[in-house]
Amino acid sequence: MILLLLLNGGIAARPTPPDVPQGRFLKKTVLVGAPLDYELRYEHAPDLEVVFPDSLARFAPFEYAGKTFFPTHTRQERSLDRVIYHLRTFQLDSVQTLALPVVVLQGQDTLSVMPLPSRVRLLRTAPPLPADAAELPALRQNLALVPVEPLFNYPYWLAGTAGALLLLAGSATLFRRRLTRRYQAYKLRKNHGYFLAQFARHTERFELSRSATNVERAVGLWKNYLARLENSELNSFTTREIVAYFENDVDVRKALTATDKVIYGNLQTEDAKEVDRAFQRLRGFAERRYASVTQ
């Protein structure tokens, strides 16, 4: 009885051997270089720590191309881990086998559990050579050109665009003053042409209607143009302030004096010619100021 108890106690003290994982190919045949999936699954107790092979494992004669993990599924005190490895083969063996181990962690020890080897058969696309063949068959040459779709060369285009931007930035830095002067001269020339056209229109309307409103509009146009040309608040000045600003210029003083009589007084028939001369003086003075600014 004592001997039986000792034997039973020793048997109970031994660790329970782990379950065997299962590995299998999802296809029975494969072509050289074609994708091939290998499924490795391991059903075990929930308290076991299990490690599956990673990309550094030995997959020979196959080449590793990736893997797909599935979360652990536990049911009725049993856990299932499952991984599908994506492989390729370039070996010419008719039958190729693979068995990937699963590592079980037991405290400070590790146990490698191997599944039964799984086999896959290689499909050959070329007919086998006859047994009595002395030489390999001659290769057939195909020198016909195959059209290749042209690809957009992004690096060269990006480098060219960056170089063009740098060139434009350098040119703008070197010629900024000259370009600014040309642009300012263009704006002044355009504004001057617009002023002359509008001023001539007001003059023609005054000749037809002899209206004080046209005189007031012509003088306002003249003030606004000179304010932009001189970069000042000239359009808000009085007649006396404008004459003083232009250092008591004769044309400005006589022209504004004549137009003020028409705008703020009664227009007489004999004053029409004087207003015409005032318009000529205002236009001539504007042209002289424009010439002095653009020189």
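1. Let's begin at a helix end: just after H4, Asn-231 takes a positive phi of about 55°. Helices here are DSSP runs of H or I with at least four residues, and strands are runs of E with at least two, numbered from the N terminus. Please keep in mind that this is a predicted model, in which local features need pLDDT of at least 70, side-chain atom pairs count only at pLDDT 80 or more, and totals for chains, interfaces and linings use all residues. Residues are numbered from 1 along each chain as its sequence is written, and side-chain values use heavy atoms, leaving out hydrogens and water.

2. H4 itself has 19 residues and reaches 27 Å from its first C-alpha to its last, close to the 27 Å expected at 1.5 Å a residue (the expected span is 1.5 Å times one less than the number of residues).

3. Which helices do the buried residues of H4 pack against? They pack against H3, H5, H6 and H7. Among those buried residues are Trp-222, Tyr-225 and Glu-230; buried means under 20% relative accessible area, exposed over 50%, and partly exposed in between, with a 1.4 Å probe and protein chains only.

4. His-192 lies in helix H3 (residues 176-209) and counts as buried because its relative accessible area is 9%. Leaving aside neighbours within four places in sequence, His-192 is in contact (heavy atoms within 4.5 Å) with Tyr-225, Ala-286, Glu-287 and Tyr-290.

5. Helix H6 (residues 250-264) has 15 residues and spans 21 Å between its first and last C-alpha, close to the 21 Å expected at 1.5 Å a residue. Asp-249 caps its N-terminal end, placing a side-chain oxygen 3.1 Å from the backbone nitrogen of Asp-251. The buried residues of H6 include Val-252, Leu-256 and Asp-260, and their cover includes helix H4 (212-230), helix H5 (239-245) and helix H7 (272-294).

6. Finally, a residue in helix H2 (residues 154-174): Leu-158. Is Leu-158 buried or exposed? Leu-158 counts as exposed, because its relative accessibility is 58%.

Key: Polar contact = N/O pair within 3.5 Å; in protein donor to acceptor, adjacent residues only side chain to side chain.
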